[in-house]
Amino acid sequence: MKNVQLLKGAVACLIASMSWGAMFPVADHALAYIDPFYFSTIRYGAVAIILVIFLWIKEGRQAFRFEGKGKLLVFYGTMAFTVYNVLIFYGQMLMGKSGIMVASIMEALMPMISIGVLWGFKHVKPKKYMMISMAIAFIGAIFVITKGDISFLLTLKHNLFSLAFILIGVVGWVIYTMGGASFSDWSTLRYSTLTCVFGTIVTGFLTVLFTIQGHVSMPNIGTISVVKYDLLFMMILPGFVALLSWNYGVKILSSVNAILFINFVPITTLVIMMIQGYKITIFDVAGTLLVIIALMRNNVYQRKEENEHQNNLLKEQLSKVI
């Protein structure tokens, strides 16, 4: 029975990771026609409605109470469904085809970025093995971004904003994920639903504001028709299914084991791009492998550390009994 549950958790995490890996090539087509603000508002507007219905059916009216956490819900919702979903796609759009792999690699760097966030904001200094893993992952990311062309670094100013948008977006999702600890007594569905609703409202407000100011163009019916299948895919798999599958898998496997499945994000992106005929360089492959190695290495050390901690606790308990 336990093995069946573990298998379900593994399949759920695999579905989520592969869905996220597939969303960047799909978004590449959509972003040629629709602005990231409208893309995100329409996509998560639909997901929010579905989540609200599910939450109402499963937990009832009381699940929509804020319990004094309204400001936190707005903040974390904005980090995930505005900062992340708008900026990562905006950066990808600015970089063109190369932005697909860059955005995917940045997604896979989330565990490493979370270490940096904890270090910078909570002064939790990473251990030596974490620092080495971060360095390996960073080198891998540089390979993918530069394609082995060192002169790219000299012209970085031309890609600085797009890279910054993608990085800030990913940090936004990391902050959102960490924010879940503040709602540990809430169900995953409740936290996901309320943050999605607030985040989408913020995105919608900014979209309307920027449209009025002329910074963003409202898509017409013809444009929506062109990207309707892209939007449908983004709503169902990377949006609704991936969100719930990932949280379900993490609950069964634990975050330490589930995080390994993030490796499938850049792998899925790489495979889809190859199928689409995009020219994959040796640096794309090498960079992706380095990021995967860094994540696996970090995960192995984390497991070892966790096992040692549990063994020490067990020894302490036994010594008290004796």
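User: Which side chain meets Glu-67 in a salt bridge?
Analyst: This is a predicted model. In it, the side chain of Arg-190 forms a salt bridge with Glu-67, at 3.1 Å from N to O. Arg-190 belongs to helix α9 (residues 188–212) and Glu-67 to the loop between α2 (36–59) and α3, so the pair ties together parts that are 123 residues apart in sequence.
User: And is Arg-190 buried or exposed?
Analyst: Arg-190 counts as buried, because its relative accessibility is 8% and the cut-off for buried is under 20%.
User: How many salt bridges are there in the whole structure?
Analyst: A search finds three. One of them joins Asp-185 and Lys-69, with the closest N and O atoms 3.6 Å apart. Asp-185 lies in the loop between α8 and α9, and Lys-69 in the loop between α2 and α3, so this pair links parts 116 residues apart in sequence. Asp-185 is exposed, at 56% relative accessible area, whereas Lys-69 is buried, at 18%.
User: What does Lys-97 pair with?
Analyst: Lys-97 forms a salt bridge with Asp-28, and their closest N and O atoms are 2.7 Å apart. Asp-28 is in helix α1 (residues 2–30), while Lys-97 is in the loop between α3 (70–95) and α4 (98–108).
User: Changing topic: where is Phe-165 found, and what does it touch?
Analyst: Phe-165 is in helix α8 (residues 160–179). Leaving aside residues up to four places away in sequence, Phe-165 touches Leu-87, Ile-88, Tyr-90, Gly-91 and Leu-94. Phe-165 is partly exposed, at 22% relative accessibility.

Methods:
Residues are numbered from 1 along each chain as its sequence is written. This is a predicted model: local features need pLDDT of at least 70, side-chain atom pairs count only at pLDDT 80 or more; totals for chains, interfaces and linings use all residues. Side-chain values use heavy atoms; hydrogens and water are left out. Helices (H or I, at least four residues) and strands (E, at least two) are DSSP runs, numbered from the N terminus. Buried means under 20% relative accessible area, exposed over 50%, partly exposed in between (1.4 Å probe, protein chains only). Contact means heavy atoms within 4.5 Å. A salt bridge is a side-chain nitrogen of Lys or Arg within 4 Å of a carboxyl oxygen of Asp or Glu.
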